[in-house]
Amino acid sequence: VKVDMHFELPRISCQSLFSSIPSAMVPRLDGVRFVGTMSAKGHAKFDTANLARNYDVDFDGERSCRINDVPKELDVSRFESSFDKPVYGPRGKAETMTFGPGSSDWAPLPSISRFMIGSVLTTEDGRFFRHDGFDKEAIINSVRENLRAGRFVRGASTISMQLAKNLYLPRTKTISRKLQEAILTMYLEQSLTKEEMMELYLNIIEYGPMIYGIRPAARHYFRSSAAGLSLGQSLYLASILRAP
(Lines give C-alpha, C1' and ligand atoms only; values in the text may rest on other atoms or scores of the structure.)
Protein backbone atom coordinates (compact mmCIF):
# COMPACT_ATOMS: atom_id res chain seq x y z
CA VAL A 1 0.00 0.00 0.00
CA LYS A 2 1.37 3.38 -1.00
CA VAL A 3 0.32 6.41 1.02
CA ASP A 4 1.01 10.07 0.30
CA MET A 5 -1.02 12.44 2.45
CA HIS A 6 -0.75 15.85 4.04
CA PHE A 7 -2.91 17.47 6.73
CA GLU A 8 -3.22 20.86 8.31
CA LEU A 9 -5.27 22.20 11.20
CA PRO A 10 -5.42 26.02 11.13
CA ARG A 11 -5.08 27.80 14.45
CA ILE A 12 -8.18 27.20 16.52
CA SER A 13 -9.35 27.81 20.05
CA CYS A 14 -8.59 24.77 22.22
CA GLN A 15 -12.00 25.07 23.85
CA SER A 16 -13.73 25.17 20.45
CA LEU A 17 -11.87 22.05 19.34
CA PHE A 18 -12.70 20.24 22.59
CA SER A 19 -16.36 21.29 22.38
CA SER A 20 -16.59 19.74 18.91
CA ILE A 21 -15.92 16.27 20.37
CA PRO A 22 -19.15 14.34 21.08
CA SER A 23 -19.64 14.15 24.85
CA ALA A 24 -20.05 10.37 24.63
CA MET A 25 -16.43 10.18 23.44
CA VAL A 26 -15.09 11.98 26.53
CA PRO A 27 -17.41 11.03 29.40
CA ARG A 28 -14.74 11.50 32.11
CA LEU A 29 -14.01 15.06 30.93
CA ASP A 30 -17.39 16.67 31.55
CA GLY A 31 -16.68 20.10 33.03
CA VAL A 32 -13.13 20.45 31.69
CA ARG A 33 -12.46 23.92 30.28
CA PHE A 34 -9.55 25.14 28.11
CA VAL A 35 -7.82 28.38 27.30
CA GLY A 36 -5.34 28.96 24.48
CA THR A 37 -5.05 27.95 20.85
CA MET A 38 -3.46 25.22 18.77
CA SER A 39 -2.53 24.42 15.18
CA ALA A 40 -1.00 21.40 13.50
CA LYS A 41 0.33 20.17 10.18
CA GLY A 42 2.05 17.07 8.97
CA HIS A 43 2.52 14.46 6.28
CA ALA A 44 2.77 10.71 5.82
CA LYS A 45 4.47 9.22 2.78
CA PHE A 46 5.37 5.54 2.72
CA ASP A 47 5.12 2.25 0.87
CA THR A 48 4.26 -0.70 3.13
CA ALA A 49 6.12 -3.01 0.74
CA ASN A 50 9.41 -1.25 1.54
CA LEU A 51 9.21 0.66 4.81
CA ALA A 52 12.96 0.50 5.31
CA ARG A 53 13.52 2.87 2.38
CA ASN A 54 10.16 4.56 1.86
CA TYR A 55 8.93 5.88 5.20
CA ASP A 56 8.53 9.61 5.78
CA VAL A 57 6.12 10.60 8.56
CA ASP A 58 6.31 13.88 10.42
CA PHE A 59 4.08 16.40 12.16
CA ASP A 60 4.45 19.66 13.97
CA GLY A 61 2.39 22.48 15.32
CA GLU A 62 1.80 25.03 18.02
CA ARG A 63 -0.04 24.22 21.22
CA SER A 64 -0.68 26.76 23.95
CA CYS A 65 -3.66 24.86 25.33
CA ARG A 66 -4.08 24.95 29.08
CA ILE A 67 -6.81 23.39 31.15
CA ASN A 68 -8.04 26.03 33.57
CA ASP A 69 -11.02 24.23 35.11
CA VAL A 70 -11.65 20.58 36.00
CA PRO A 71 -14.32 18.80 38.04
CA LYS A 72 -13.42 17.88 41.62
CA GLU A 73 -12.89 14.20 40.82
CA LEU A 74 -10.10 15.07 38.34
CA ASP A 75 -8.35 17.76 40.39
CA VAL A 76 -4.76 16.73 41.14
CA SER A 77 -5.04 18.19 44.63
CA ARG A 78 -6.76 14.96 45.68
CA PHE A 79 -3.46 13.12 45.20
CA GLU A 80 -1.74 15.20 47.91
CA SER A 81 -3.21 12.88 50.58
CA SER A 82 -4.64 9.36 50.58
CA PHE A 83 -7.08 8.57 47.77
CA ASP A 84 -9.03 5.55 46.57
CA LYS A 85 -8.82 4.13 43.06
CA PRO A 86 -9.99 0.92 41.37
CA VAL A 87 -7.51 -1.89 40.83
CA TYR A 88 -7.96 -5.13 38.95
CA GLY A 89 -7.48 -8.71 40.06
CA PRO A 90 -6.19 -11.58 37.91
CA ARG A 91 -9.64 -12.16 36.39
CA GLY A 92 -10.22 -8.48 35.65
CA LYS A 93 -12.53 -7.92 38.61
CA ALA A 94 -12.29 -4.37 39.94
CA GLU A 95 -11.93 -3.51 43.60
CA THR A 96 -10.83 -0.42 45.48
CA MET A 97 -7.46 0.23 47.10
CA THR A 98 -6.10 3.26 48.96
CA PHE A 99 -2.99 5.05 47.73
CA GLY A 100 -1.32 8.39 48.32
CA PRO A 101 0.73 10.11 51.04
CA GLY A 102 -0.45 8.89 54.42
CA SER A 103 -1.44 5.44 53.18
CA SER A 104 0.44 2.48 54.65
CA ASP A 105 2.45 1.50 51.55
CA TRP A 106 3.23 4.91 50.06
CA ALA A 107 6.90 5.54 49.23
CA PRO A 108 7.97 9.19 48.77
CA LEU A 109 10.31 9.62 45.82
CA PRO A 110 13.46 10.22 47.94
CA SER A 111 12.85 6.84 49.60
CA ILE A 112 12.82 4.94 46.29
CA SER A 113 16.07 3.47 44.94
CA ARG A 114 17.67 5.58 42.24
CA PHE A 115 18.21 2.30 40.41
CA MET A 116 14.45 1.81 40.20
CA ILE A 117 13.89 5.27 38.79
CA GLY A 118 16.66 4.76 36.24
CA SER A 119 15.38 1.32 35.26
CA VAL A 120 11.87 2.60 34.60
CA LEU A 121 13.23 5.45 32.51
CA THR A 122 15.31 2.95 30.52
CA THR A 123 12.51 0.47 29.84
CA GLU A 124 9.49 2.75 29.64
CA ASP A 125 10.31 6.32 28.67
CA GLY A 126 13.89 7.54 28.30
CA ARG A 127 12.83 11.08 27.43
CA PHE A 128 10.38 11.48 30.32
CA PHE A 129 12.16 14.46 31.86
CA ARG A 130 12.50 16.19 28.48
CA HIS A 131 9.12 15.81 26.75
CA ASP A 132 5.80 17.49 27.49
CA GLY A 133 3.88 14.25 27.90
CA PHE A 134 4.05 13.09 24.29
CA ASP A 135 7.10 11.63 22.57
CA LYS A 136 7.02 12.54 18.89
CA GLU A 137 9.89 10.22 17.97
CA ALA A 138 8.24 7.28 19.72
CA ILE A 139 4.95 7.94 17.92
CA ILE A 140 6.60 8.03 14.49
CA ASN A 141 8.58 4.85 15.19
CA SER A 142 5.48 3.11 16.56
CA VAL A 143 3.53 3.81 13.37
CA ARG A 144 6.36 2.32 11.27
CA GLU A 145 6.68 -0.84 13.38
CA ASN A 146 2.93 -1.45 13.41
CA LEU A 147 2.75 -1.00 9.64
CA ARG A 148 5.66 -3.39 9.20
CA ALA A 149 3.97 -6.05 11.36
CA GLY A 150 0.51 -5.47 9.91
CA ARG A 151 -0.93 -5.32 13.41
CA PHE A 152 -0.53 -3.42 16.66
CA VAL A 153 2.79 -4.51 18.18
CA ARG A 154 4.24 -1.31 19.62
CA GLY A 155 2.69 1.57 21.48
CA ALA A 156 4.04 5.05 22.12
CA SER A 157 2.74 5.65 25.62
CA THR A 158 4.95 7.82 27.81
CA ILE A 159 5.08 7.52 31.59
CA SER A 160 2.86 10.61 31.66
CA MET A 161 0.24 8.89 29.50
CA GLN A 162 0.43 5.69 31.53
CA LEU A 163 -0.07 7.72 34.70
CA ALA A 164 -3.14 9.45 33.27
CA LYS A 165 -4.61 6.09 32.31
CA ASN A 166 -3.89 4.50 35.68
CA LEU A 167 -5.21 7.42 37.70
CA TYR A 168 -8.39 8.12 35.80
CA LEU A 169 -9.42 5.58 33.17
CA PRO A 170 -10.47 1.93 32.72
CA ARG A 171 -8.26 -0.61 30.96
CA THR A 172 -10.46 -0.91 27.88
CA LYS A 173 -8.53 -0.14 24.69
CA THR A 174 -10.81 2.21 22.79
CA ILE A 175 -10.45 5.41 20.79
CA SER A 176 -12.47 7.14 23.50
CA ARG A 177 -10.01 6.09 26.20
CA LYS A 178 -6.97 7.16 24.17
CA LEU A 179 -8.52 10.55 23.46
CA GLN A 180 -9.31 11.14 27.12
CA GLU A 181 -5.86 9.85 28.06
CA ALA A 182 -4.23 12.47 25.81
CA ILE A 183 -6.20 15.33 27.34
CA LEU A 184 -5.62 14.12 30.90
CA THR A 185 -1.90 13.80 30.11
CA MET A 186 -1.86 17.49 29.18
CA TYR A 187 -3.55 18.29 32.48
CA LEU A 188 -1.08 16.26 34.56
CA GLU A 189 1.91 17.77 32.76
CA GLN A 190 0.74 21.33 33.42
CA SER A 191 -0.31 20.66 37.03
CA LEU A 192 2.49 18.50 38.47
CA THR A 193 6.27 18.48 38.37
CA LYS A 194 8.02 15.56 36.72
CA GLU A 195 9.17 14.39 40.16
CA GLU A 196 5.60 14.40 41.47
CA MET A 197 4.47 12.43 38.43
CA MET A 198 7.25 9.87 38.85
CA GLU A 199 6.37 9.40 42.52
CA LEU A 200 2.71 8.83 41.68
CA TYR A 201 3.58 6.47 38.85
CA LEU A 202 5.89 4.22 40.86
CA ASN A 203 3.38 4.05 43.70
CA ILE A 204 0.23 3.11 41.76
CA ILE A 205 1.31 0.87 38.88
CA GLU A 206 0.85 -2.89 38.91
CA TYR A 207 3.88 -5.14 39.41
CA GLY A 208 1.98 -8.42 39.32
CA PRO A 209 -1.46 -9.77 40.25
CA MET A 210 -2.79 -7.48 43.00
CA ILE A 211 0.69 -6.05 43.68
CA TYR A 212 0.30 -2.31 43.28
CA GLY A 213 3.05 0.14 44.19
CA ILE A 214 6.82 -0.03 44.55
CA ARG A 215 6.90 -0.69 48.29
CA PRO A 216 4.65 -3.81 48.14
CA ALA A 217 6.55 -4.99 45.02
CA ALA A 218 9.97 -4.67 46.68
CA ARG A 219 8.66 -6.50 49.74
CA HIS A 220 6.91 -9.26 47.76
CA TYR A 221 9.69 -10.14 45.32
CA PHE A 222 12.84 -9.38 47.30
CA ARG A 223 11.89 -8.78 50.96
CA SER A 224 13.45 -5.38 50.45
CA SER A 225 12.52 -1.80 51.09
CA ALA A 226 11.91 0.48 48.12
CA ALA A 227 15.12 2.30 49.01
CA GLY A 228 17.17 -0.89 49.20
CA LEU A 229 16.47 -2.21 45.70
CA SER A 230 19.62 -3.10 43.79
CA LEU A 231 20.20 -2.46 40.09
CA GLY A 232 19.33 -6.04 39.17
CA GLN A 233 16.21 -6.06 41.30
CA SER A 234 15.11 -2.73 39.85
CA LEU A 235 15.61 -3.94 36.29
CA TYR A 236 13.52 -7.00 37.06
CA LEU A 237 10.65 -4.96 38.47
CA ALA A 238 10.77 -2.59 35.49
CA SER A 239 10.68 -5.55 33.12
CA ILE A 240 7.43 -6.99 34.57
CA LEU A 241 5.37 -3.82 34.29
CA ARG A 242 2.21 -4.22 32.25
CA ALA A 243 2.71 -3.33 28.59
CA PRO A 244 1.35 0.22 28.02
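## Basis

The model is predicted: local features need pLDDT of at least 70, side-chain atom pairs count only at pLDDT 80 or more, and totals for chains, interfaces and linings use all residues. Residues are numbered from 1 along each chain as its sequence is written, and side-chain values use heavy atoms, with hydrogens and water left out.

## Overall build

The chain holds eight helices and seven strands. These are DSSP runs numbered from the N terminus (helices: H or I, at least four residues; strands: E, at least two). The radius of gyration is 19 Å, close to the 18 Å of the globule rule for 244 residues, so the chain is as compact as a globular protein of that length. That radius is taken over C-alpha atoms, and the rule is 2.2 Å times the number of residues to the power 0.38.

The C-alpha trace spans about 55 × 45 × 35 Å along its principal axes.

## Burial and surface

Of the 244 residues, 43% count as buried (under 20% relative accessible area, 1.4 Å probe, protein chains only). The accessible surface comes to about 13,300 Å² (Shrake-Rupley method, 1.4 Å probe). Carbon and sulfur atoms supply 53% of that surface.

Strand 1 covers residues 2-13. The number buried among its 12 residues is zero, so strand 1 lies largely in the open.

Strand 1 pairs with strand 3 (residues 37-47) in the antiparallel sense, over 10 bridges. Pairing requires at least two DSSP bridges between the strands. Ser 13 has Thr 37 of strand 3 as its bridge partner.

Key. Buried means under 20% relative accessible area, exposed over 50%, partly exposed in between (1.4 Å probe, protein chains only).
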